[in-house]
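Here is a short briefing on a structure. Keep the sequence and the 3D view open as you read.

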Amino acid sequence: MSQLGWQAVAVASEAKTSTGEAVAFWILAPLAVLASLGMIMAKKAVHSALLLAFVMLDLAICYLMQSAPFFGVVQIVVYTGAIMMLFLFVLMIVGVDSSDSLIETIRGQRWAAVLAGLGFGLLLVLGIGRAALSGMAGLGGANASGRGNGSNVQQVAELLFTKYVFAFEATSALLITAALAAMVLAHRERTEPRASQRVLAEERFRPGAYPTPLPPPGVFARHNAVGTPALLPDGTPTELSVPTELVERGDVEAVGTAPLPSGRRSEESTETEPVA
Amino acid sequence: MNPANYVYLSALLFTIGAAGVLLRRNAIVVFMSIELMLNATNLAFVAFARIHGTVDGQVAAFFVMVVAAAEVVVGLSIIVMIFRTRRSASVDDANLLKY
């Protein structure tokens, strides 16, 4: 470690953080750990996404505290703004199947994973504990050394466009490649000609098809919620009236076949057949 | 407070992310765990930049963020494509190459 020569730098200036930062850290750090634990344990993927957004905001405040203002703001804009919203959009597409299956394909994998995680965490923490990380050089000197009058943003910009300019150009190529890849992956080639109106109409009146519009939810029922199936003339609920997503998710209200007030049901149920 | 505490926090978050990748079966949650690990390394980069007194660590974290953005775009479109063909986002269902 001493060959690297940074220990001498580390003891040069401010060795401890301010009390305000310590207070903020001891509030933010447990919250970040709890939220990320909740993220990997949450049953619904949407809850995981929201908890991850919370962790990212938490880390953004950590960056702001650690004299990285540009990075803190970029964290909020790019991570919580763009990446997490992308996650939520994909969750909307994948929607119905977003809950996790609890079947283990490899036996004992869960316990092995927990053990491996604990061991790995212990290894990391002990390794950091062994390293000599007492002291802090602070970024005041580094920021003042550039042409930016001690501003962190201008110092980052100077490094980005001088020392790391090739890496910066490579990332632009990477981003363009990623955008192209997403378009190629999302593109679907049309394998059959577009169905004309005539074909659609014939399909509709094919035997076994349902030519009229489907019954809307809640017709003749006690509630008009979207998950309440309509009642057929004989009083039985029909699932045709409820959106298929709700049926798949099992969110259809149980209506039961309540008797109609005038006792019409017993007479009419013999002559009408349920459409479903 | 010792600034090394940020590094400890980063190690904890990285461990939780790795455990999430091992534990979860939903491809999207696995992906979120990977994002958590990338964020943890960013925190370590920023903390080390401050401890060593150079801005280079922040620039490295910036590049990590760019790569993470590209990775999310491609990964999520792959997940959507697999969901379209197999109607499932579980990592256990994409096992055609196994047999």
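This is a predicted model: local features need pLDDT of at least 70, side-chain atom pairs count only at pLDDT 80 or more; totals for chains, interfaces and linings use all residues.

**Chain A at a glance**

Residues are numbered from 1 along each chain as its sequence is written, and chains are lettered from A and ligands numbered from 1 in the order in which they are written.

**Overall build**

- Chain A has 11 helices and 2 strands (DSSP runs numbered from the N terminus: H or I of at least four residues for helices, E of at least two for strands).
- Along the sequence, the pattern reads α-α-α-α-α-α-α-α-α-β-β-α-α.
- Take the contacts in chain A with a separation of 6 or more: 49% of them join residues 24 or more positions apart (contact means C-beta atoms, placed from the backbone, within 7 Å).

**Helix α4 of chain A**

- Helix α4(A) covers residues 69-94, 26 residues in total.
- From first C-alpha to last, α4(A) reaches 36 Å, close to the 38 Å expected at 1.5 Å a residue (1.5 Å times one less than the number of residues).
- A kink of about 25° is centred on Gln75(A) (the angle between axes fitted to the seven residues ending there and the seven starting there).
- Gln75(A) is also one of the buried residues of α4(A), which include Phe71(A), Tyr79(A), Ile83(A) and Phe87(A).
- The cover over these buried residues includes α3 (45-65) of chain A, plus α2 (27-52) and α3 (56-86) of chain B.

**Where the chains meet**

- In chain B, 64 residues are in contact with 75 residues of chain A.
- On the chain B side, α1 (4-23), α2 and α3 each supply at least two residues.
- The largest share, 21 residues, comes from α3(B).
- By class, this side has 44 nonpolar, 14 polar and 6 charged residues (Ala, Val, Leu, Ile, Met, Phe, Trp, Tyr, Cys and Pro count as nonpolar, Asp, Glu, Lys and Arg as charged, and the others, Gly among them, as polar).

**A helix pair in chain B**

- The axes of α2(B) and α3(B) come within 8 Å and cross at roughly 175° (lines fitted to C-alpha atoms, for helices over the stretch in contact, with angles from 0 to 180 degrees between N-to-C directions).
- The two helices, α2(B) and α3(B), are therefore roughly antiparallel (over 145 degrees; under 35 is roughly parallel, 65 to 115 roughly perpendicular and the rest oblique).
- Their contact includes Phe31(B) and Leu38(B) of α2(B), with Val64(B) and Met65(B) of α3(B).

Conventions: A residue is buried if 20 or more other C-beta atoms lie within 10 Å of its own, exposed if 12 or fewer, and partly exposed in between; C-beta atoms are placed from the backbone. Two residues are in contact if their C-beta atoms, placed from the backbone, lie within 7 Å.
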